[in-house]
Amino acid sequence: MSDRITRRDLLRKSAIIAIGAAAPPWLASIAKADVIKLAAGRQIDPDNILVVCQLSGGNDGLNTVVPYANSAYYASRPVLALKEAEVLKIDAEYGLHPTMGGFKSLYEEKQAAIIQSVGYPNPDRSHFKSMEIWQTANPDGREQYGWLGRHLDYQMKSGSANPVVAIGLSRTKPDALKAKVASVPCFASLADIKAFVGDPDSERMLREVQGMDAYSSVDAETVRKANLTALDAMAELNKALDTYTPKMNYGTNQFGQGFKQIAHLIGTSPKTRVIYFAAGGFDTHSQQATQHSRLMQDFSDALKSFMDEMKALGKDGKVCVLVFSEFGRRVRENASAGTDHGAGAPMFVVGGKVQGGMYGEKPDLVNLDRGDVPWRVDFRQVYSTIVDQWMGGDSETLFGKKFEHLRIF
Amino acid sequence: MTNREKVAHLLRRFGLGASQAELGFYEKLGVDGTIDRLINYEKVEEGFPVSVWEFSVRNNNGIPLLQPKQVAMWWTLRLLTTQRPMQEKLTLFWHDHFAVSASKVGQGPVLYHYLETLRGHANGNFLDMLKAISKDPAMILWLDNNTNVRGKPNENFAREVMELFTMGIGNYTEADIQEVARAYTGWSFARTGLRGQRQPTPEEFMEQVRTGRPLVEFQFRPALHDNGAKKILGNEGRFDGDDVAGILCGRTETARYIPSKLWHWFAYPAPEEKVVDRLAKVYRESGYDIKKILYAIAESDEFWSEKSVRKQVKSPADFTIAIGRALGVGQALISQRAPDTDIMTPLARQAIGPLRSFVDSMTNQGMELLYPPEVAGWDWGSSWISSATMVERIKLSQTLFSGGRALDVAGPVQAAITASTATEATEKLCELFDARLDSARLTEVEKAVLAGGGVSALSAPRTSLPVVRLASKVLFAAPEFHFC
């Protein structure tokens with residue numbers, strides 16, 4: 001057995017050191033430095049996969065992780081508040097939405113981290129702007145490329161990327177995947193790939209029409225490269241997709257279909273490291289209860305099926321699912337039995353190597369930020385933790401400064 | 001260049017693609033006649049009778065609702081159909097320049113009137129246009145000018161009117177922004193027609209729609225306007241927004257910025273100094289006449305140079321709409337309307353389905369009409385190109401020619417490319433889609449014609465579909481096909 005100290009050992013130790021009041025400060029700082037060094041030194045499993053699941057429209061965090069012991073919650077939401085008796089309690093103060101049984105079992109297995117009160121300085125209540133901020137991870141200015149796109153560019157410095165290293169399961173390319181150098185293919189559905197590539201003859205023709213000669217124009221070369229990237233990605237996936245079919249039961253709703261395809265990709269495309277998936281319908285300004293209930297159930301069931309599938313594949317320890325929405329919703333319900341755009345909200349990180357539990361700070365329902373849950377954890381802390389400790393990247397390069405890590409791994 | 005090639009170049013740049021029908025028509029007018037008809041489009045019958053309200057759906061109370069996506073669909077049909085292609089090409093330019101997104105301005109009718117503001121001034125006077133768009137409710141809402149009030153100025157519009165709309169970044173100070181914001185205080189909007197809380201009846205609502213009066217209009221609120229003296233870019237006075245527009249249009253920076261951007265849209269990026277000098281002079285001497293600038297562009301040698309012709313990356317609109325126009329999709333869809341259509345008659349479902357393919361394709365290629373990605377609009381040129389967007393472009397061939405659709409667009413292709421040899425069929429296909437491929441790539445398309453079933457299959461609609469589908473797929477994948 002190797003006596004080399006592993007990153008995980010160190011993390012555990014540093015966590016203990018940090019918690020132990022008796023630990024001398026110098027020891028804590030050395031341990032911390034070592035953690036950072038190890039993280040930067042690529043001691044991270046190169047097979048790790050990040051799945052990003054975006055809840056578009058602003059998910060109502062308070063009706064997802066319900067503060068059932070908080071009277072301010074009930075006072076603000078006479079119609080929409082979920083009763084103590086119906087929530088799925090996870091501790092003495094919080095319970096999950098009644099439909100989230102699947103997520104609760106993941107939480108009980110310590111595979112799900114709930115990070116409370118996540119947001120960013122000067123929260124923007126516009127979907128458009130806030131989503132842009134989350135996807136580019138730059139609340140202060142305009143940023144052309146996405147946080148994952150920049151990470152992929154950074155990784156491309158150490159060699160050329162595989163055509164399917166990152167994949168968007170979406171019609172349009174999310175800002176998060178926009179990169180300067182890395183070309184990230186996006187597909188509305190995996191079924192499209194088979195339909196598109198077609199028979200070998202057709203694929204060969206699509207390739208050959210790109211030409212072999214050097215083009216005089218830079219733009220023409222860009223077109224040619226983009227076409228070849230797409231063809232490479234599709235060729236690689238087209239062969240692979242037949243080798244495995246997801247076995248678990250997924251619904252026909254957007255989450256079921258999304259996670260089924262993610263499972264399909266992970267089961268068949270060993271080189272894929274980042275998968276991005278977005279689901280909509282969270283902008284619940286009116287008659288929220290039914291809609292939100294359905295979304296929570298679809299999300300939770302699909303995620304559970306997905307993690308079960310990963311376990312069956314022996315990949316649960318290789319997968320980390322990051323779940324976010326562009327903002328939470330207003331604490332006080334509105335007059336249409338709905339909620340308006342808010343600020344701070346919970347984020348989830350789920351995976352076999354995730355240290356499940358509650359992180360961040362309890363939502364403060366008294367000292368509100370313009371009626372909303374104030375943010376206490378910058379989302380870039382979560383991103384940084386994942387970039388540095390899960391993906392072997394360099395958060396400081398991506399985000400322009402260091403953010404304090406969370407101990408979720 | 002032959003006259004036909006010159007006319008085709010004009011149609012690609014000052015129009016929405018050189019379809020065979022248009023090419024045949026404009027060629028007879030000659031180059032000057034074509035320039036004149038394209039730019040001076042007021043004298044041309046538009047040939048687009050469809051009201052945006054035909055795309056609306058009734059709510060439970062019988063009131064028509066118009067969503068942004070329905071307005072985008074209506075606009076797409078207009079792009080596919082219009083006999084004034086330059087009018088739409090310019091409207092698209094101004095939509096990018098004075099970008100407003102439905103992500104914030106969610107009301108279809110407000111966006112519709114915003115588009116009409118742009119369209120109405122598209123080849124007019126730039127100062128008039130700037131004044132009009134500054135008072136457009138969509139713009140006011142988009143850049144928060146409705147919250148810009150005396151004592152509490154909101155600088156959002158003030159910044160963009162200088163940075164994006166006129167002079168360009170770096171030509172003013174933060175103090176100028178604050179002063180400009182004061183000038184626009186009290187510029188807001190209000191609902192027209194019915195007052196108070198009561199919802200209109202369906203009859204009242206439709207009556208107002210029929211009059212053409214917007215549901216929301218500019219409103220000046222004197223009590224919220226800061227009437228004090230302002231100091232703006234060295235000028236002093238009790239300026240309001242119209243005064244500011246005058247000051248900004250008169251700046252030398254604007255005289256260079258606006259014509260350069262037009263040149264970029266119609267010719268190529270980063271025009272030479274001498275080109276900008278020439279256009280800036282036209283801008284100033286004509287009193288900001290957009291039409292004069294467009295003529296100057298068309299009459300520049302550089303516009304006709306090798307650097308320009310077929311060297312511009314097609315935008316998703318250039319790509320998608322030109323294909324649709326080559327296939328006559330707009331006319332085919334409009335012919336499905338009931339002959340006695342009222343402005344409130346919902347458009348037939350079979351017309352909306354195929355239209356959605358075009359809207360979706362453009363969206364997936366990165367250009368969702370009415371949803372520009374940011375205040376600065378879209379990025380042009382090679383920014384349109386990525387593996388994902390190229391897949392969408394190539395995939396359009398499969399969407400269009402999948403068969404069994406409400407609208408048969410494979411039929412016209414089959415008819416157009418029926419030939420006695422595969423080489424001839426290939427040439428005809430390229431002609432249909434205005435593609436110029438080098439010989440090596442032509443060979444690949446020809447192979448696709450043969451692999452799909454060959455010329456014998458082209459003789460009947462039933463067997464021609466695989467040929468049309470495969471050959472157009474390979475053609476759409478050719479790098480040259482993405483330049484106009």
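This is a predicted model: local features need pLDDT of at least 70, side-chain atom pairs count only at pLDDT 80 or more; totals for chains, interfaces and linings use all residues.

Select A:Lys89 first: A:Gly95, in strand 4 of chain A, stands opposite A:Lys89. Strands here are DSSP runs of E of at least two residues, and helices are runs of H or I of at least four residues, both numbered from the N terminus.

Residues are numbered from 1 along each chain as its sequence is written, and chains are lettered from A and ligands numbered from 1 in the order in which they are written.

**Chain A as a whole**

Colour chain A by secondary structure: 13 helices and 11 strands are present. Of the 409 residues in chain A, 51% are buried. A residue is buried if 20 or more other C-beta atoms lie within 10 Å of its own, exposed if 12 or fewer, and partly exposed in between, with C-beta atoms placed from the backbone. Among contacts in chain A between residues at least 6 apart in sequence, 73% join residues at least 24 apart. A contact requires that the C-beta atoms of two residues, placed from the backbone, lie within 7 Å.

**Strand 9 of chain A**

Next, select residues 345–351 of chain A, which form strand 9; 7 of the 7 residues are buried, so this strand is largely enclosed by the rest of the structure. Which strands pair with strand 9 of chain A? One is strand 5 (residues 112–119) of chain A, which runs antiparallel to strand 9 of chain A and is joined to it by 5 bridges. To locate this pairing, display A:Ile115 and its bridge partner A:Met347. Another is strand 8 (residues 319–325) of chain A, paired with strand 9 of chain A in the antiparallel sense over 4 bridges. Here A:Val323 and A:Phe348 stand opposite each other.

**A:Lys304 and its helix**

Move to A:Lys304, in helix 11 (residues 288–312) of chain A. Is this lysine, A:Lys304, buried or exposed? A:Lys304 is buried, with 20 other C-beta atoms within 10 Å. Leaving aside residues up to four places away in sequence, A:Lys304 touches A:Gly102, A:Phe103, A:Ser105 and A:Leu106. For a distance check, pick A:Lys304 and A:Val366: they are 62 residues apart in sequence and 34 Å apart in space, C-alpha to C-alpha.

Now show helix 4 (residues 101–108) of chain A with helix 11 of chain A; their axes come within 6 Å and cross at roughly 45 degrees. Axes are lines fitted to C-alpha atoms, for helices over the stretch in contact, and angles run from 0 to 180 degrees between N-to-C directions. On the helix 4 side of chain A, select A:Gly101, A:Gly102, A:Phe103, A:Ser105 and A:Leu106, which meet A:Ser300, A:Asp301, A:Leu303, A:Lys304 and A:Met307 in helix 11 of chain A.

**Between the chains**

Display both chains: 29 residues from chain A and 29 residues from chain B take part in the contact. On the side of chain A that touches chain B, helix 5 (127–136), helix 8 (200–208) and helix 9 (218–241) of chain A each supply at least two residues. Helix 9 of chain A gives the largest share, 10 residues.

**Chain B**

Finally, select helix 9 (residues 174–183) of chain B, which is mostly covered, as 7 of its 10 residues are buried. Among the buried residues are B:Ile177, B:Val180 and B:Arg182. Their cover includes helix 8 (156–163), strand 5 (230–232) and helix 11 (241–249) of chain B.

Methods:
Two strands pair if DSSP finds at least two bridges between them.
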